[in-house]
Structures are given as structure tokens and as C-alpha cells.
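Reader: I would like a close look at one part of this model, with the cut-offs stated as they come up. Please keep the account plain.

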Amino acid sequence: MLSIRDLHAEVEGKNILKGLNLEIREGEVHAIMGPNGSGKSTLGHVLSGRPGYEITQGSVEFLGKDLLELDTEERAHEGLFLAFQYPVEIPGVSNMEFLKASVDAVRESQGASAYDTVGFMRRAREACTAADLDQAFLKRGVNEGFSGGEKKRNELMQMMLLEPRLCILDETDSGLDIDALQVVASGVNAMRSESRSFLLVTHYQRLLDYIEPDFVHVLADGRIIRSGDKSLALELEAKGYSWLDDGEVA
Amino acid sequence: MANLLTPQLNAETPAPDWLQARRLAGRAAWESSELPTRKTEAWKYTSLFALQQPFMPARESAESAEELGLELPQLAGSRLVFVNGFWRENLSEIEPDAAIELVRFSEADQTQAALIAQHLGSVVPVNKHPFSALNDAVLADGVFLRIQKGSKAACPVQLVWHNSPQVDAAINSQRLLVLAEQHSEATVVEHFSGQGHSFTNGLSELILAAGATLNHSRLHLESAEALHIGGLHAALERDATLNSFHAAFGGKLKRVDIVINHQGHGAHCQLDGMYLLRGQEHVDYHTCIEHAVPHCTTDETFRGIVGDKASAVFNGRIHIHPDAQKTRAELSNKNLLTSATAEVNTKPELEIYADDVQCAHGATVAQLDESMLHYLRTRGIPADEALVLLSYGFINALVEKQRLESLREYLKPRLTDYFGAALAVDSDDAGG
């Protein structure tokens with residue numbers, strides 16, 4: 001589904017990704033772990049097409065298409081979803097107006113008819129409940145004045161409504177208390193299917209107690225230096241990232 | 001000045017006798033003044049060239065609301081509707097309310113006339129603004145609203161000034177006087193709308209006695225061809241509160257001068273405004289808050305979106321007199337430019353002569369936030385649609401702040417329509 005080959009990317013002239021390779025097949029859950037500054041968030045931004053991130057080398061194929069040739073919105077239309085580490089606040093645009101515009105645009109791109117207002121409202125309310133957000137959040141400005149946990153649950157709600165093929169969760173666990181973490185994890189687990197894949201970007205092993213990955217990768221200095229199954233995460237947790245610096249680099 | 005507005009002055013409009021002295025004084029002031037030019041600082045960015053054509057007195061119209069294209073906010077309470085400056089009884093509704101007295105100047109009894117005569121013009125510096133003098137000169141009718149001491153009006157009072165399309169360019173004149181007595185409370189909505197090419201001179205005076213609260217809005221939904229030079233003048237006595245909201249949807253030439261006088265300790269004013277301009281429209285808001293006494297507060301926020309070849313002027317003056325210690329005043333004007341040919345001239349002017357005050361001001365002209373735009377695009381919303389959604393949010397954030405629910409509900413679909421149309425125009429451009 002996603003095939004990243006020898007990806008190099010820079011921000012403001014500084015190399016962040018330095019030859020990253022990653023293969024995600026349908027239905028798989030991958031976790032990328034790494035210390036601060038290793039390029040974890042950059043990967044999410046690059047895949048979403050954020051301005052200011054320049055690809056200097058390599059390729060990314062998503063569902064048979066050259067992802068890097070697509071505009072940000074087209075990537076969403078193809079089924080790519082990035083749950084942000086720091087979702088932006090948009091005062092004056094209600095969550096409902098935003099969600100409707102988003103779902104309409106994605107459905108239109110896929111040749112599906114738009115939901116009527118009543119049908120859409122019902123779905124939005126269901127997603128709200130599943131994300132353990134009060135219905136009142138639908139009327140509030142997008143992320144406006146939301147707590148850290150509420151913002152993350154709002155991301156989850158969007159993910160449920162858009163039904164993407166590949167969900168990238170960028171440090172979704174940061175700033176979450178254990179209850180909110182469980183809500184997000186059970187939302188993700190409910191969405192797991194044979195045709196949907198996940199890429200969890202995280203600093204801590206904690207999230208992986210709730211969402212069990214098929215593969216764990218360690219990112220350091222812009223490259224994946226080690227891959228394994230979920231036991232790698234536990235090993236990392238026990239030994240710390242410095243364990244990998246001492247000659248263990250693959 | 002003997003000029004092209006003279007036919008209006010010479011028209012024989014029936015007016016109450018007790019207004020004659022004011023009319024004559026206004027006429028004398030108008031005739032002895034010069035039309036402001038761009039050499040005058042206050043008119044530097046607004047040309048009155050569009051007024052250099054013959055204007056005829058407006059004519060009475062008997063058209064129905066549908067024929068007039070008149071869409072009104074669905075507010076409960078009294079509604080006075082004027083078309084081309086003439087009162088339209090069959091479009092108006094009067095809801096009896098013991099808390100208020102609502103009367104037209106032409107219908108005022110002796111006591112009411114005396115009250116009007118006493119207060120009319122008391123907060124308007126006629127000699128400083130020729131268009132206020134012009135308003136006086138042609139004064140034939142107007143609206144007087146008095147809110148009784150200690151009373152709260154049950155419903156908003158709505159004043160609608162609508163222009164129908166007329167064969168010649170027509171001049172319309174409106175006048176409103178609100179007298180909010182001690183510890184009274186009311187809501188007033190001024191609504192200017194219409195079609196075609198006309199010149200409107202709308203002048204409003206708000207007098208708030210001690211402890212009075214007045215929620216006021218002045219909505220300009222006139223045509224793209226409309227010319228409007230208007231004024232709002234308010235005086236606030238001790239602990240009075242004025243919440244005043246202004247909206248301008250375009251217009252060929254629109255100039256509104258807003259002057260708020262804090263005259264009593266502890267007075268508070270929240271002044272908000274929005275303008276949305278496209279084509280070759282021009283809007284100019286000049287606001288001036290006079291802090292003459294201590295312990296008064298002002299929160300002022302204006303936001304505008306200017307596209308195509310339109311231009312906006314915002315001049316926000318806050319004048320803190322030497323005695324006005326413990327003043328707190330905040331002024332913000334933010335503008336979005338959506339085309340390279342649009343123009344905004346914004347100028348906050350803080351004049352502070354007291355030393356123990358808290359003041360802040362900011363004026364920006366900017367593009368939309370990149371990170372917001374990216375966020376929307378990651379959710380599949382195409383860039384052009386995302387820009388429109390963000391523009392809408394930029395204005396709607398201010399509308400959402402307004403206390404009057406019916407006002408928010410009235411403006412919301414107008415914003416949606418406005419931005420929906422903008423989207424259609426953009427995609428047409430892209431296609432062509």
C-alpha cells in the first residue's frame with residue numbers, strides 16, 4: 001500500500017530524512033519509534049505534503065500512485081490521513097462546517113454522492129460518541145479552546161468519518177491521559193481491517209500496549225536503523241534509545 | 001456649497017414646524033462648507049468623486065416587499081420600514097411595549113417634539129462634518145426611540161431603510177435618535193438595504209443615561225452601486241454600556257463615522273465591525289472614541305476581507321483626555337487581502353494624555369494562515385475551497401461573538417451566501 005524508498009527530505013536547508021525505506025502492506029499496523037529530533041514528525045509532514053518540506057531524493061508510492069506528485073488534498077482523496085501531533089485551531093469555522101466540507105470533498109473525489117444534511121449529522125454524532133466527545137464540540141470552532149486530549153479525540157473523529165485507507169498517527173499519545181489514550185486506542189482498534197493500514201509515530205512504548213503493532217521500526221538520524229515485531233518496542237522501553245547507538249546500528 | 005445636491009435642498013418636503021430652525025441652520029452650514037477633498041486628512045483615502053452628479057429627491061414607492069427584494073431579519077418586536085426615505089405603514093409593525101416610546105418625528109406630539117428638539121444634534125458636531133449639516137438641512141422625518149427609566153424593552157426594535165431602484169440617482173436621508181434613560185436596556189437594529197444607484201445620508205444619535213445598556217447594530221446590505229455617507233454618534237453617561245456592531249457588505253462608496261463619547265465614569269463600549277468588499281467597492285470606517293473621564297473601557301475590533309480591486313479604509317482613533325485615568329482601551333483591526341489589486345489603508349491612532357491607562361492597539365493586513373490552510377487540505381478540502389472557508393471563519397469569529405442570537409442567525413446565511421458566491425466566481429475565473 002505504501003512504499004517509501006530512499007527518502008531524503010530537508011527543512012530550511014537542513015537534512016532531516018536521510019534515506020528512509022519503509023513498506024506497509026494492506027491491513028498492517030506499523031509503529032515508528034525514535035528519539036526527539038530523529039525525523040519522526042517530519043515523515044508525517046512529508047507524506048501529507050506540508051509546504052516547506054523539500055524532498056531531495058527518493059520516492060513514495062501509495063496505492064500504485066506516485067504520492068509526491070499529488071497535492072495535499074489529492075492525497076486525502078486517495079485515502080491518506082494524518083492525525084496531527086498539534087492540530088491547528090480555526091476560530092469561526094465550526095467543527096460541523098469543517099467536517100461536512102471535508103467529507104463532501106473526499107466523497108466527491110471518489111465519485112460518491114454527498115450525504116444529505118440529516119444523514120451527515122447522524123454520522124457526525126455517532127463519530128462524536130465513539131470519540132467520547134460531547135455533541136457540543138460539533139458546534140464549536142475547529143479545535144478552538146480544546147484541551148490537548150480533546151484535540152486528539154477530534155482527530156480520531158475525523159478519521160472515523162473519512163474512513164481512510166492509511167492512517168498516520170503523529171505522536172497521538174503525547175499529552176494524553178490514560179483514559180483519553182484508551183479512547184483513541186479503542187477507536188483505532190475498531191477501525192482496523194484487512195484493507196486499512198496504520199502508521200503509528202510515537203516516542204513511547206505506552207501507546208503500543210493498547211494498539212498492538214505488527215511491526216516496529218526505530219528511526220534515528222533520518223533513517224530506519226532497526227525493524228522487528230512488538231518485542232522491539234519493549235526492548236527499547238527497557239534499554240532506552242541509547243542502547244541502539246552503541247554499535248547495534250544495522 | 002451650491003452644488004449638485006441642491007435640487008434636494010429645494011424640494012418642498014413637508015416637515016414639522018418645530019424642525020424648521022434646525023433645517024435652516026443645517027442648510028446654512030452645508031452651503032457655507034466645502035465638499036471634503038483628499039487633501040483633508042480625514043478623507044485622504046476616500047474620494048467623493050462619485051457624488052459629483054445630479055441627485056434628485058427620492059420618490060415615494062408603493063412596491064411590495066417582494067418587489068423591493070426586501071429580506072428582513074426575523075426579529076420579534078417593532079419594525080419601522082422606510083422605503084426611499086418614506087415610512088411604509090403596510091410593511092411596518094408596531095408591537096406595544098410599555099418600556100419604550102417609539103415615534104416618528106412627523107407624528108410626535110408636543111411633549112415628544114420638545115424632547116426630540118432638546119436632544120437632537122446634542123452629540124453631533126454639525127460644524128465638523130458637512131454631511132451631518134446636510135442631514136439637518138433636509139430633515140423631514142426621523143425615528144425617536146425612548147427607553148423608559150429602569151425598564152427593559154421586551155424585544156429588539158428594528159429600523160429598516162430600503163431604497164428601491166429609481167430612474168434617476170436619488171438622495172435619501174435618515175435620522176435616528178435613541179434616548180436610553182437611566183438603567184434602561186434595549187436592542188436596536190438599523191438595517192440599510194436596497195437596489196440600484198442612490199445616495200444615502202444616514203445619521204444616528206444614541207444617548208445613554210447613567211446605567212443604561214444599549215445593544216445596537218448597523219447593518220449595511222446595500223447594492224454594489226450604492227453610495228452611503230453616514231454617522232453614528234453616542235454619548236455614554238456613568239456606568240452606561242454600549243454594544244455596537246457594524247457590518248458592511250460592499251457598496252460603491254461607503255463612509256461611516258462612528259464617534260463614541262465616554263462622558264461618565266465607568267462607561268463601557270464594545271464596538272465591533274466587519275466589511276466584505278469585492279469588485280470596485282470602497283468602504284471607509286472612521287471611528288473615534290473620546291475618553292473624557294476616568295474608569296471607562298473600550299473594546300474595539302474591526303475585521304475586513306478585501307478582494308478584486310476593492311479598497312477599504314479603517315481609521316480608529318482613541319483619544320484619552322488628561323483626566324481619563326484608569327482607562328482601559330483595546331483596538332484591533334485585521335484585514336485579509338484576497339487579490340493583489342485590493343487595497344487597505346488602516347491606521348490606529350492612540351492619543352493618550354493621561355498616565356495611568358492600559359491601552360493596546362494592533363492593525364494588520366495579511367494573507368491567510370498557511371498552517372490552517374494545510375490542515376484543511378489534509379482533510380481533502382481543495383485549496384480554493386479551503387481559502388474561502390478560512391475567510392468565512394475569519395469574519396464569522398467576530399459574528400459569533402455577538403450577543404444577540406437573532407443577529408447571528410440573520411448574518412450567518414448571508415455570510416454563507418457571500419462566500420459561496422465567491423467560490424463560484426473563483427472557479428469561473430479558473431475555468432476561463
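In β4(A), which residue is the bridge partner of Leu2(A)?

Author: The partner of Leu2(A) in β4(A) is Phe62(A). This is a predicted model, in which local features need pLDDT of at least 70 and side-chain atom pairs count only at pLDDT 80 or more, while totals for chains, interfaces and linings use all residues. Residues are numbered from 1 along each chain as its sequence is written, and chains are lettered from A and ligands numbered from 1 in the order in which they are written.

The Leu2(A) bridge belongs to the pairing of β1 (residues 2-11) with β4 (residues 53-62) in chain A, where eight bridges join the two antiparallel strands. Strands are DSSP runs of E, at least two residues, and helices runs of H or I, at least four, numbered from the N terminus; two strands pair if DSSP finds at least two bridges between them.

The open sheet of chain A has four strands, ordered β2-β1-β4-β5, with antiparallel pairing. At its edges stand β2 (14-24) and β5 (65-66) of chain A; each has a single partner strand, so one side of each lacks a neighbour in the sheet.

Elsewhere in chain A, helices α5 (residues 148-162) and α6 (residues 178-191) pack with their axes 10 Å apart, at an angle of about 10°. α5(A) and α6(A) are therefore roughly parallel to each other, a label for angles under 35 degrees. Residues of α5(A) that meet α6(A) include Leu156(A) and Met160(A), and the α6(A) side includes Val183(A), Val184(A) and Met191(A); contact here means C-beta atoms, placed from the backbone, within 7 Å.

Key. Axes are lines fitted to C-alpha atoms, for helices over the stretch in contact, and angles run from 0 to 180 degrees between N-to-C directions. Angles under 35 degrees count as roughly parallel, over 145 as roughly antiparallel, 65 to 115 as roughly perpendicular and the rest as oblique. Two residues are in contact if their C-beta atoms, placed from the backbone, lie within 7 Å.
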